[in-house]
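Work through the exercises below with the sequence and coordinates open. Try each task before reading its solution.

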Amino acid sequence: MERIILASKSPRRKQLLEWAEIPFDVMVKETDEMYPATLSIEKVPVYIARNKALAVKEELSHDRLILAADTIVVLNGKVIGKPTSKENAIQILSELSGQVHQVITGVVLMRDDTETAFADITEVEFHQLSKQQIEFYVNKYKPYDKAGAYAIQEWIGVVGIKRVKGDFYNVMGLPVSRVMKAIMEFDN
C-alpha cells in the first residue's frame, strides 16, 4: 500500500492508522472549523474534513492520496464541540450523563480531482455519572481537545459508557475498517 497523507494532528487517528498498518505521513495546515448553518448535521464533519484535505492539497507538489477526518458529538440534535474550559468540559459531560448521543466522523479521501467522502455514525450511551466522577475525569485527563469532552479509550469510557452501537473506533476519531475499504476502492 502506498504511503498516504494524514491531514490530521490527532494522536488517536495516528494510532488507529498504525494499528491498521496503513503507511502514512502527517501533514497539517490549520483550517477554520466553521461551517454553514444550513448544513445538515451529518454533513458538518465531512465539510470540515474536506477543508482540511483541500488545505493540505494546496501544499503538495506531487500526487498523493490525502486522508482527512473530523469528528463531532451530537446530543438531541445539537453539535457539542470541544470544551473551552474546565467548567465547560464538566457541563458537557453532565449533559451527556445518562443520555444517548451520536458520534459522527466525516472522512474525505482526495487525490487530484477525485474524492470519496462519507460520514460514519456511532451511538454512545453513558451511565448516569456522578459529579465526582466527572470532576475526577476532567481534572486528571483534561479532555479539552476532544469533541464531547471525552475519549472513549480513557477512564471515563471504561467506567462510564453503558452501550456503543456502531464502530467503536469511530468514537476514537476514525472508522478504520471503513477507511481501509475506501482506500482500497479508491486505488482501484
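**Exercise 1: the largest pocket**

The largest pocket has 38 lining residues, and Glu33, Lys52, Asp70, Thr71 and Lys82 are the ones nearest its centre. This is a predicted model: local features need pLDDT of at least 70 and side-chain atom pairs pLDDT 80 or more, while totals for chains, interfaces and linings use all residues. Numbering runs from 1 along each chain as its sequence is written, and side-chain values use heavy atoms, without hydrogens or water.

Task: State which elements give two or more residues to the lining of the largest pocket, then give its volume and lining make-up.

Solution. 
1. On a 1 Å grid over the protein atoms alone, a pocket is an open set of points where a 1.4 Å probe fits, with protein on both sides within 12 Å along at least five of seven lines; lining residues have an atom within 4 Å of a point.
2. List the elements for the largest pocket: H1 (11-19), H2 (44-59), S3, S4 and H6 (168-172). Helices (H or I, at least four residues) and strands (E, at least two) are DSSP runs, numbered from the N terminus.
3. Read the volume: about 800 Å³. It is the space filled by probe spheres set on the points, which are joined across faces, edges and corners.
4. Ala, Val, Leu, Ile, Met, Phe, Trp, Tyr, Cys and Pro count as nonpolar; Asp, Glu, Lys and Arg as charged; the others, Gly among them, as polar.

**Exercise 2: aspartate 70**

Task: Is aspartate 70 buried or exposed, and which side chain does its side chain touch in a polar contact?

Solution. 
1. Aspartate 70 sits in strand S3 (residues 66-75). The unreviewed UniProt entry lists Asp70 as "active site"; such annotations may be inferred rather than shown by experiment.
2. Check accessibility. Aspartate 70 is buried because its relative accessibility is 6%. The cut-offs are under 20% for buried, over 50% for exposed and partly exposed in between, with a 1.4 Å probe and protein chains only.
3. Find the partner. The side chain of aspartate 70 makes a polar contact with that of lysine 52, at 3.3 Å. Such a contact is an N or O pair within 3.5 Å; within protein, one atom must be able to donate a hydrogen and the other to accept it, and residues adjacent in sequence count only if both atoms are side-chain atoms.

**Exercise 3: helix H3**

Task: Which residues of helix H3 are buried?

Solution. 
1. In H3 (residues 86-96), the buried residues are Asn88, Ala89, Ile90, Ile92, Leu93 and Leu96.
2. Just after H3, glycine 98 has a positive phi of about 75 degrees.
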